[in-house]
Amino acid sequence: EAAPNPAYKRHAAPPPPPAPMAVAVRAWAPAAGQLMRSAYMPQLAAPPRPPVNTERYDRPDDNPVRRASEAPVSTFSIDVDTGSYANVRRMLRQGVRPPADAVRVEEFLNYFDYGHPAPADRSVPFRVGTELAPSPWNANRQLLMVGIKGYDVPKATMPASNLVLLIDTSGSMDSEDKLPLLKRAFVQLVPQLRAQDRVSIVVYAGSAGLVLAPTPGDRHDEILAALDRLQAGGSTNGGDGIRLAYSVARQAFIEGGSNRILLATDGDFNVGTVERGTLETLVADQRRSGIALSTLGFGQGNYNDAMAERLADAGDGVHAYIDTDLEARKVLVEQMQATLLTIANDVKIQIEFDPAQVAEYRLIGYENRMLREEDFANDTVDAGDIGAGHQVTALYEIALVGSGGERLPARRYGATPVQSNASSSGEIAHLRLRYKRPGEARSRLIDTAILRSALRREPSQSLRFATAVAAYADLLRGGHNVEGWSWDDVAATARASTGDDRWGLRQEFVQLVGEAQRLTTASDAPGAAIAVE
């Protein structure tokens, strides 16, 4: 593993978008009765309009509080994406108040390492752990943390990879934080490739093309030269690019290896197949061939976050956002094993709360990963995948019966919960997890009881930091769920629980809390919320 890079502690803000180009002045000439260009008029037109921001986000409302007596079962798909956190960081660094829809709490949580214990061996691809402790913003409620950690694989023993770099070279990518940053990002990936790997490069603008046919991964100079030749221009036919990338991936398919497309784009598809649902269907159909698709988002102003995130979900892949060269290193070097090697497919979590013990609960985040109860045991329903070394963190806020932490009014005709056998054994909930081994069609089950006796007086350092991250995300979304907790509370909690901050990411988080507080509380805050479609 590479030695820590001290510079990794600072994520410099990307450059602001280029100023609009000057426009020629046109004047009305009544005598001629026509619009004409004056060669003699000075450039005295009104100041150029600022560039229109068309970034697109798609975030459902927060999960509601549920009565355990009415809906005791909560089911959702795991998520290992982190793109939302890096994208919001980019906005804060530029002095822009992020729109609430850009904030996905689970991607904020999963950006950080909480030290969840790894499995003892590979008989089960990951280990599941829980922690139960008082909620910091309401002492009458508790937080339940669910942590999943996949086994890791040394780079030297990774199976061969068939990697197709699908790169957007349209005109919208012609800015410093897009194609130039993208090229530098992939330059960091190239030295990781080995002779047994295969890499191809497909580009798309008005049409799609093959820049580099499947090439052994150790031919670094050839790959770097192909990247260096890329230039931006033209419209964006993402649909044709995706089709060609899958065709190339099938041509170089490695049995028993990792076959994946890395789509790098601002997501601004504007010709060809542009409707998101159609593209999702295309990608979902192709994943059955054993080829996954991950997305890397770049840029600002027209970034289509909704498209990038949903395509990665449909392609059994990961969505990340690259805002700096250092984030590129984190995603494409430090975490590449997790991106390339899937160790478990269709991972679903289901928690059944005992209504005799738990009055209410709320899952924090994962709104667009919710599943129906019957989907849990249905092996045809797609869910998230876990890569080597990946970890997943989820938080529930719960109110025990009679605790005074209930938020919903009592039902006039509500039934008194029946005491169950689980209640007498001290259980408050039962956690089930289903997953498939790669290449298998039938899922396997892991289950464990959550005991009331496991309730700790004080949360661990990991849960305290996770709590700060969840509250930070909630405050950016309006602060509807953290009651009296303030930005100062978030900063103090995070500062006191940085722990072994190897890359300085937790210290950076504390700084971002300060930026967010300034932008959300100052009446004259620079920048404004991004207009979204």
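Mentor: Start with the ground rules. This is a predicted model, in which local features need pLDDT of at least 70 and side-chain atom pairs count only at pLDDT 80 or more, while totals for chains, interfaces and linings use all residues. Residues are numbered from 1 along each chain as its sequence is written, and side-chain values use heavy atoms, with hydrogens and water left out.

Trainee: How many helices and strands does the protein have?

Mentor: The protein has 13 helices and 18 strands. These are DSSP runs, numbered from the N terminus: helices are H or I with at least four residues, strands are E with at least two.

Trainee: What makes S170 buried or exposed?

Mentor: Buried means under 20% relative accessible area, exposed over 50%, and partly exposed in between, with a 1.4 Å probe and protein chains only. S170 has a relative accessible area of 0%, so S170 is buried. S170 sits in the loop between β7 (161–168) and α3 (179–189). Across the protein, buried residues make up 55% of the 533 residues.

Trainee: What does the side chain of S170 contact?

Mentor: The side chain of D168, at 2.7 Å. A polar contact is a pair of N or O atoms within 3.5 Å; within protein, one must be able to donate a hydrogen and the other to accept it, and residues adjacent in sequence count only if both atoms are side-chain atoms. At 2.7 Å, the S170–D168 pair is a polar contact.

Trainee: Is V96 buried or exposed?

Mentor: Buried: the relative accessible area of V96 is 17%, and the limit is under 20%. V96 lies in the loop between α1 and α2. The C-alpha atoms of V96 and L519 are 7.3 Å apart, though 423 residues separate them along the chain.

Trainee: Why is strand β14 (residues 358–364) called largely enclosed?

Mentor: Because 7 of its 7 residues are buried, the rest of the structure largely encloses β14.

Trainee: How do you know which strands pair with β14?

Mentor: Two strands pair if DSSP finds at least two bridges between them. Strand β3 (residues 66–67) joins β14 by 2 bridges, antiparallel. There R67 stands opposite E360. Strand β16 (residues 391–400) has 6 antiparallel bridges to β14, with I398 as the partner of Y361.

Trainee: What is the strand order in that sheet?

Mentor: The open sheet has 5 strands in the order β3-β14-β16-β6-β5, with antiparallel pairing. β3 and β5 (126–135) each have a single partner strand, so they stand at the edges, with one side of each left without a neighbour in the sheet.

Trainee: How many aromatic pairs are found in the whole structure?

Mentor: There are 18. Rings of Phe, Tyr and Trp (its six-membered ring) pair if their centres lie within 6.5 Å; planes under 30 degrees apart count as stacked, over 60 as edge-to-face and the rest as tilted. For Y85 and F108, the centres are 5.3 Å apart and the planes stand at 85 degrees, so this pair is edge-to-face. Y85 is in helix α1 (residues 83–93) and F108 in helix α2 (residues 105–109), so the pair ties together parts that are 23 residues apart in sequence. Y85 is buried at 1%, and F108 is buried at 0%.

Trainee: Which residues form one aromatic cluster with Y85 and F108?

Mentor: Y111, F112, F465, Y472, W487 and F509.

Trainee: What makes K330 lie over the face of Y111?

Mentor: A charge sits over a ring if NZ of Lys or CZ of Arg is within 6 Å of the ring centre and within 35 degrees of the ring normal. K330 lies over the face of Y111 at 3.9 Å from the ring centre. R506 lies over the face of F465, at 4.2 Å from the ring centre.
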